[in-house]
Amino acid sequence: MAPVPIQQQQALIERLYAACGGSYSPETRRKYFISGPQWAAAYQGQALFHAPTRREVGFEQIIRKWGEIGIGHWTTHDTDVIPTGAIGTDEQWEIVASINKALQENGVKCSMVTTETFHHAVWAASPAAEAPEVRDYAKFRVINTVKIGHELGAQFAVYWPGSLGYYVQGAVEETQTLRWYADALNAACDADVEIAKKRGRPVLKHCLEAKPFEPQAEILLPTSDAMLAFIFSGLLKRPEMVGLNPEYLHELMWGAAPRAALARALICGKLFHFDINDGYRLKHDVDIAVGLVNPLDWLNVLVLLRAHEYNGPFNLDYKPPRTTSNHGVFAVSFPTAVDRFITLWEMAGEVSTDPIVTEATTALKTGGGVQDAKDVEAIVKANSELLTLHELIAHRLFQILIGQHRGRIYSF
Ligand code: GLO
Ligand code: MG
Ligand code: MG
């Protein structure tokens with residue numbers, strides 16, 4: 001093959017993307033509650049050891065692309081779109097008005113807003129720092145985000161308290177810091193109740209997002225389970241307004257089974273919002289797009305969510321890799337992520353109606369039929385053949401994942 005000159009590269013990408021087939025129409029994509037974050041599309045590839053590889057992209061372009069691709073919802077941090085110095089000023093409301101215009105023109109809705117409490121120097125000692133002025137500023141910021149959320153028509157506010165923790169031990173008293181953090185959330189919920197009432201809108205769903213490592217060395221609320229304990233701790237004035245935004249990779253990072261973490265949130269009635277992506281156990285937050293690393297696990301996660309009729313958003317919180325170009329972000333990265341999600345979601349539907357999975361599951365739940373609950377030997381014996389179904393079900397899920405249940409076989 002001859003070298004491909006730069007002016008022919010986009011055409012090559014588009015031809016091979018089309019040749020992949022299997023993509024859904026924008027109308028079909030819009031039927032799912034999928035949201036695309038401003039920060040994900042605007043990510044330029046930078047990190048501590050990485051210089052940016054892509055040019056800046058603004059909200060006008062991202063919202064337009066969401067409309068074209070069929071990503072029905074847009075999400076943002078306050079400072080993704082408003083410079084820190086303009087937060088709360090007239091300039092902010094001018095920007096918010098132009099966001100509303102862009103959303104309307106492109107048939108996209110804002111579903112979620114979130115406050116950046118990790119990047120700016122003011123958060124060096126976290127949003128629940130010792131200095132009362134930092135904590136007052138944190139309250140101002142989260143209340144302001146609630147206001148923006150209502151103005152943009154959002155239903156959710158997310159909090160990733162990225163810097164709530166420490167690097168060196170002994171300076172931070174954990175219980176005090178958690179109380180201070182709760183004060184900020186209480187201020188946001190109180191303000192929300194008032195604003196919602198004034199505007200005749202429902203209150204937002206306030207969602208906490210945990211991450212086990214980064215950017216602090218030690219994190220005070222590192223897992224979704226820790227956050228559940230925090231929600232039910234008595235520190236929150238309105239715990240009914242607060243739930244979770246688990247992120248698939250954040251649970252995997254600490255070694256959890258994401259599906260089990262989601263199940264624990266479900267039984268508490270706190271699975272409000274879900275950040276979808278992929279990655280590896282015990283690595284940093286690589287934020288790979290959904291289904292590229294653990295498709296079988298993802299299929300299982302979606303089987304669980306369908307079974308519990310989860311109807312909240314699926315937020316594409318991943319980072320297009322540094323090797324993807326500005327063109328590739330919209331031509332390949334986002335449409336393929338959406339389409340893998342839809343495929344896995346529909347496959348999860350097939351799992352729930354699959355006759356083999358259904359019969360095997362029913363047989364397991366029926367058991368071998370022993371009346372005497374004290375007869376341990378009889379119980380073991382009665383179920384000993386039946387339990388082989390566990391492995392058979394796992395095989396069936398693999399078949400569904402690769403389409404083998406529809407008769408696809410490999411012959412020599
Ligand atoms: C970072 C988090 C981050 C949050 C966002 C929403 O690791 O995943 O992207 O999801 O700040 O609050
Ligand atoms: Mg996230
Ligand atoms: Mg992440």
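A polar contact is a pair of N or O atoms within 3.5 Å; within protein, one atom must be able to donate a hydrogen and the other to accept it, and residues adjacent in sequence count only if both atoms are side-chain atoms. The views below show a predicted model, in which local features need pLDDT of at least 70 and side-chain atom pairs count only at pLDDT 80 or more, while totals for chains, interfaces and linings use all residues. Residues are numbered from 1 along each chain as its sequence is written, chains are lettered from A and ligands numbered from 1 in the order in which they are written, and side-chain values use heavy atoms, with hydrogens and water left out.

**View 1. Surroundings of ligand 1.** A polar side-chain atom of histidine 250 lies 3.3 Å from an oxygen atom of ligand 1. The side chains of two further residues place an N or O atom by an oxygen atom of the ligand: threonine 114 at 2.8 Å and lysine 211 at 2.9 Å. On its own, ligand 1 has 330 Å² of accessible area, of which the protein covers 97% (Shrake-Rupley method, 1.4 Å probe; for residues, only the protein chains shown count as cover). The ligand is surrounded by 13 residues, the closest being His77, Thr114, Glu209, Glu247 and Asp285 (a residue is near if one of its heavy atoms lies within 4 Å). Four residues of this shell are nonpolar, three polar and six charged (nonpolar: Ala, Val, Leu, Ile, Met, Phe, Trp, Tyr, Cys and Pro; charged: Asp, Glu, Lys and Arg; polar: the others, Gly among them).

View 2. Because histidine 250 lies in helix α10 (residues 248-253) and aspartate 285 in the loop between β9 (274-275) and α12 (295-307), the pair ties together parts that are 35 residues apart in sequence. Helices (H or I, at least four residues) and strands (E, at least two) are DSSP runs, numbered from the N terminus. Histidine 250 is buried at 2% relative accessibility, and aspartate 285 is buried at 14%. Buried means under 20% relative accessible area, exposed over 50%, and partly exposed in between (1.4 Å probe, protein chains only).

**View 3. The loop between β3 and α7.** Glutamate 116 is located in this loop and is buried, with a relative accessible area of 4%. Its side chain reaches the backbone nitrogen of phenylalanine 118 at 3.1 Å. Apart from neighbours within four places in sequence, glutamate 116 is in contact with His77, Asp78, Thr79, Trp123 and Arg141 (contact: heavy atoms within 4.5 Å). Serine 126 also lies between β3 (109-114) and α7 (132-152). This serine 126 has a phi near 80°, a positive value in a residue other than glycine, and is buried at 2%.

View 4. The bond from glutamate 214 to proline 215 is cis, with omega near -5°. Glutamate 214, a residue other than glycine, has a positive phi near 70° and is partly exposed, at 30% relative accessible area.
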